[in-house]
Amino acid sequence: MGVIRVFKQNFSDFFKKLFRKKNARIGIYGPPNAGKTTLANRILRDWTGDAMGSVSHIAHETRRARRREGVTIKANGHSITLDIIDTPGLATKIDFHEFMEHGMEESEAKRRAKEATEGVIEAVKWLDNLDGVILVMDATEDPYTQVNVTVIGNMEARKLPLLIAANKIDLPESSPSTIRDAFPQHPMVAISALEGKNIDTLYEEIAKRFG
Amino acid sequence: MKMQGIQMDLISEEKLAEMAPVEKVRFIIDEVRSGKILVLEKGLTPEEEASLIEMTMTLIDPEGFSGIEMESYPSKDDTSIFGKLLKKHTVRTRLTVVGPADQLKTLKKDRNMISALLSSHK
């Protein structure tokens with residue numbers, strides 16, 4: 001009897017693996033210091049109890065893409081399982097002097113700059129391997145940055161879903177409506193990844209867009 | 001009297017159209033590293049912009065080249081009758097300004113205007 005049960009279980013597992021839908025790979029993108037890792041940490045803490053990585057007020061804290069597989073998000077009565085990739089901040093320039101302004105030694109600043117350039121390359125390469133993007137924008141900054149324009153353009157060219165997270169609405173100078181006006185063709189949710197403000201609305205939109 | 005300043009090249013759509021994507025990116029990087037500001041009449045495709053960022057990162061040198069400043073308008077969908085007839089989704093690229101990061105600084109940008117500051121001092 002036990003043998004039959006084991007056989008049934010193995011048979012069932014085999015078919016589950018065979019027909020299992022691949023998890024959608026969702027990249028978290030944005031300029032340096034927009035709050036990408038803060039958001040990734042928030043999502044992971046809410047749904048797995050874990051964290052993605054360290055955060056810092058100094059730009060380019062995340063210099064290697066980090067991937068977390070099988071994050072299940074439940075919203076609107078639906079359940080969606082995603083692979084989440086927290087990418088290094090995209091930039092067109094990296095000057096080690098900016099790190100020195102934060103008190104780093106020259107050698108450390110140069111090393112961080114070198115690692116940051118490698119991180120940007122990695123983030124660009126990931127664009128070819130995604131099923132969708134959460135683009136994190138700092139709602140206190142001008143939304144028309146080249147990084148935002150390039151990421152949005154690449155998602156549109158690939159016809160992949162994009163969700164804009166207008167982050168840092170806990171700050172009084174934030175203006176998520178400016179982001180909405182700049183890119184009206186894409187859904188946007190105003191959030192504070194740090195405080196968790198409006199985060200449930202973001203989960204509902206994630207389930208809707210990437211499910 | 002010798003005139004001092006920054007060279008600015010305005011590149012026509014036709015000139016870039018003659019080049020393969022990799023040639024475009026190489027051309028832009030080489031020109032910008034030599035200190036020129038380029039104004040591209042029709043800009044680059046989003047994929048070419050991503051390639052340009054990627055190549056820029058490989059060439060950043062702490063002693064000399066800190067990267068590029070690039071500004072383009074958000075792209076638009078091609079709404080031409082020809083495009084609609086073919087039901088083909090294409091993105092219309094738009095004017096783009098590229099220059100060395102230590103000489104070109106964007107002051108303000110919105111949907112229809114780019115305001116930039118040029119500096120001859122590195």
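## Contacts and architecture of chain B

Two residues are in contact if their C-beta atoms, placed from the backbone, lie within 7 Å. By that criterion, 64% of the contacts in chain B with a separation of 6 or more are between residues 24 or more positions apart. The model described here is predicted.

Chain B contains 4 helices and 8 strands. Along the sequence these elements follow the pattern β-α-α-β-α-β-β-α-β-β-β-β. Chain B has 122 residues, of which 30% count as buried.

## The four-stranded sheet of chain B

Chain B has an open sheet of 4 strands with mixed pairing, in the order β1-β2-β6-β3. Strands β1 (8-11) and β3 of chain B stand at its edges; each has a single partner strand, so one side of each is left without a neighbour in the sheet. On average, and with direction ignored, neighbouring strands of this sheet are turned by 15° against each other.

Strand β6 (residues 96-100) of chain B pairs with β3(B) in the antiparallel sense, over 5 bridges. The bridge partner of B:Glu69 in β6(B) is B:Gly99. Helix α2 (residues 21-33) of chain B packs on the sheet and touches β1, β2 (37-40), β3 and β6 of chain B. The direction of this helix makes about 50° with that of β6(B).

## Strand pairing in chain A

Strands of a sheet pair through backbone hydrogen bonds, either parallel or antiparallel. In chain A, strand β3 (residues 78-86) takes part in a pairing of each kind, as set out below.

Strand β1 (residues 24-29) of chain A runs parallel to β3(A), and 5 bridges join the two. Here A:Arg25 stands opposite A:Asp83 in β3(A). Strand β2 (residues 66-75) of chain A runs antiparallel to β3(A), with 8 bridges between them. In this case A:Thr72 stands opposite A:Thr81 in β3(A). The hairpin of β2(A) and β3(A) has 2 residues between the strands, and A:Asn76 takes a positive phi near 55° in that hairpin.

## The interface between the chains

At the interface, 26 residues of chain B are in contact with 24 residues of chain A. On the side of chain B that touches chain A, α3, β3 (68-72) and β7 (104-110) of chain B each supply at least two residues. The largest share of that side comes from α3(B), with 9 residues. By class, the residues of chain B on this side divide into 11 nonpolar, 7 polar and 8 charged.

## Helix α3 of chain B against α4 of chain A

Helix α4 (residues 106-126) of chain A meets helix α3 (residues 46-59) of chain B, their axes coming within 9 Å and crossing at roughly 155°. That angle makes α4(A) roughly antiparallel to α3(B), since angles over 145 degrees count as such. The crossing in which α4(A) passes α3(B) is left-handed.

On the α4(A) side, the contact is made by A:Thr117, A:Val120, A:Ile121 and A:Val124. On the α3(B) side, B:Ala50, B:Ile53, B:Glu54, B:Met57 and B:Thr58 take part. This contact has 6 nonpolar, 2 polar and 1 charged residues.

## Helix α3 of chain B against α5 of chain A

Helix α5 (residues 146-158) of chain A also meets α3(B); their axes come within 8 Å and cross at roughly 135°. The two helices, α5(A) and α3(B), are therefore oblique to each other. Here too, the crossing in which α5(A) passes α3(B) is left-handed.

In α5(A), A:Thr150, A:Gly153, A:Asn154 and A:Ala157 meet B:Pro46, B:Glu47, B:Glu49, B:Ala50 and B:Ile53 in α3(B). The residues of this contact divide into 4 nonpolar, 3 polar and 2 charged. B:Ala50 and B:Ile53 of α3(B) take part in the contact with α4(A) and in the contact with α5(A).

## B:Arg111 in the β7-β8 loop

B:Arg111 lies in the loop between β7 and β8 (113-118) of chain B. This residue is exposed, with 10 other C-beta atoms within 10 Å; 12 or fewer is the cut-off for that class.

With neighbours within four places in sequence left aside, B:Arg111 is in contact with A:Ala182, B:Tyr73 and B:Pro74. B:Arg111 and B:Pro74 are 37 residues apart along the chain, and their C-alpha atoms are separated by 7.0 Å.

How values were computed. Residues numbered from 1 in each chain as written. Chains lettered and ligands numbered in written order. Predicted model: local features only at pLDDT ≥ 70, side-chain atom pairs only at ≥ 80, totals over all residues. Axes fitted to C-alpha atoms, helices over the stretch in contact; angles between N-to-C directions. Parallel < 35°, antiparallel > 145°, perpendicular 65-115°, else oblique. Left-handed = near helix turned anticlockwise from the far one by under 90°. Nonpolar A, V, L, I, M, F, W, Y, C, P; charged D, E, K, R; others polar. Buried ≥ 20, exposed ≤ 12 C-beta atoms within 10 Å, placed from the backbone. Pairing = 2+ DSSP bridges.
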